Amino acid sequence: MRTEHGYDLYSHNTMRLHCVADTVLFPESAGELVESVRQQSGPYFILAGGSNVILPAKLHKTVILLSEMKDDISISGNMVECSASVRIQKLIRTMQSSNLGGMEYLFSVPCTVGGAVYMNAGRAEVFHQSIADFVVSVECFDPATGDIVTLDKADCEYTHRHSVFCGNGMIILKVVLKMDSVPAEQIESAIRDRISLVTNTQDGSKPSAGSVFKRCDSDVMNRLKGIRIGGACWSPKTPNWISNDRNAKNWQVLMLVKLAQAAHKLCRKSCTREVLLVK
């Protein structure tokens, strides 16, 4: 397992913020991941796809980076077993070759399967569609007990953009999914439709962490479009997205988040943050 010191995580977060971590570990397997966590005597942070996070300029804790983990996908009938480090796009394409699908709306999300299961990634809340629809079980490591346990879907406590894994410290290792039988050409059409939709509605011109809030007021967010602090700005195209327009600093992104929260409070509206602010 590779170890780096004073390592810049710039290329490992979709917001493209410079973040120099004191120590970074690169496990290559689930076994090495579990062992690296067991060896930690102080605080640590696990970083997978790097979306949905805002990193600080410096991180004085061990980072366990999953970018070098080996992918593992196995398919039997309509049951799919997948390691958490697999990119969601690779999973969708692999399932397509076996005429299995249903989650093509996630093709545009820059995340790993573990990240999608952790955050219950899906479409907007009104659609009531998410990866939880397909989850059968999740194998995870519990640092509190030192055990590897398997949770059934009901144990995952899925709600909109939330699961039991948010904040409980468990580390997702493997996921079992039960997929729909879908012709490969239909899956391809759904993927193309998704790409077309995000091209028209989402701002892919600049780095971003994705949706900042999982619930917010659309009128408030529309009024914030184009407002910037330094190199960070609320996307003029996509409400609820902060773009790294000009080599943004961490504090500039955080200030925009606080500005949106203050605007909601002023307008007597509510908002619930989705993006993780790493400290």
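Which residues of strand E17 (residues 241–244) are buried on one side, and which on the other? In this predicted model, Trp 241 and Ser 243 lie on one side of strand E17, Ile 242 and Asn 244 lie on the other, and all of them are buried, with both faces of the strand covered. This arrangement can be read against a general rule: in a regular strand the side chains alternate between the two faces of the sheet.

**Strand E17 and its partners**

Strand E13 (residues 208–211) is joined to E17 by 2 bridges, and the two run antiparallel; within this pairing, Ser 211 has Trp 241 of E17 as its bridge partner. Strand E16 (residues 232–234) also pairs with E17 in the antiparallel sense, here over 3 bridges, and Ala 232 stands opposite Asn 244 in E17. The strands E16 and E17 form a hairpin with 6 residues between them, and in its turn Asn 240 has a positive phi of about 80 degrees.

| Strands | Sense | Bridges | Residues facing each other |
|---|---|---|---|
| E6 and E7 | antiparallel | 4 bridges | Ile 75 and Val 80 |
| E7 and E11 | antiparallel | 5 bridges | Val 80 and Leu 177 |
| E9 and E10 | antiparallel | 6 bridges | Asp 142 and Asp 147 |

Between E6 and E7 there is a hairpin with 2 residues between the strands, and in it Gly 77 takes a positive phi near 65 degrees.

**The sheet of four strands**

Another open sheet, of 4 strands, has the order E1-E2-E5-E3, and its pairing is mixed. Strand E1 (2–8) and strand E3 (44–47) stand at its edges with a single partner strand each, so one side of each is left without a neighbour in the sheet. Here the twist averages 30 degrees from one strand to the next. Strand E2 (residues 20–26) and strand E5 (residues 58–65) run parallel and are joined by 5 bridges, with Leu 25 standing opposite Ile 64 in E5.

In soluble globular proteins, nonpolar side chains tend to be buried together. The largest nonpolar core of this model has 36 residues, and those with the most contacts inside it are Ile 88, Leu 91, Met 103, Val 117, Phe 165 and Leu 177. Two or more residues are given to this core by each of E7, H2, helix H3 (113–119), E9, E11 and helix H4 (184–201), and H2 gives the most, with 4 residues. Leaving aside neighbours within four places in sequence, Phe 165 is in contact with several residues, among them Val 117, Val 138, Leu 151, Met 170 and Ile 172. A second, separate core has 17 residues, including Ile 54, Val 253, Val 257 and Val 275.

**Helix H6**

Helix H6 (residues 250–266) has 17 residues and reaches 25 Å from its first C-alpha to its last, close to the 24 Å expected at 1.5 Å a residue. Its buried residues are Asn 250, Gln 252, Val 253, Leu 256, Val 257, Ala 260, Ala 263 and His 264. As background to this pattern, an α-helix has 3.6 residues a turn, so residues three or four places apart point the same way. Just after H6, Arg 268 takes a positive phi of about 60 degrees.

**Cysteines**

The count of disulfides comes to 0. Cys 166 is in no disulfide, and the nearest cysteine sulfur, that of Cys 156, is 11 Å away. With 23% relative accessibility, Cys 166 counts as partly exposed, whereas Cys 19, at 0% relative accessibility, counts as buried.

Definitions and conventions. Residues numbered from 1 in each chain as written. Predicted model: local features only at pLDDT ≥ 70, side-chain atom pairs only at ≥ 80, totals over all residues. Heavy atoms only, no water. Pairing = 2+ DSSP bridges. Expected span 1.5 Å × (residues − 1). Buried < 20%, exposed > 50% of the residue type's maximum accessible area, 1.4 Å probe, protein only. Disulfide = S-S within 2.5 Å. Core = buried A, V, L, I, M, F, W, Y, C linked by side-chain atoms within 4.5 Å. Contact = heavy atoms within 4.5 Å. Axes fitted to C-alpha atoms, helices over the stretch in contact; angles between N-to-C directions.
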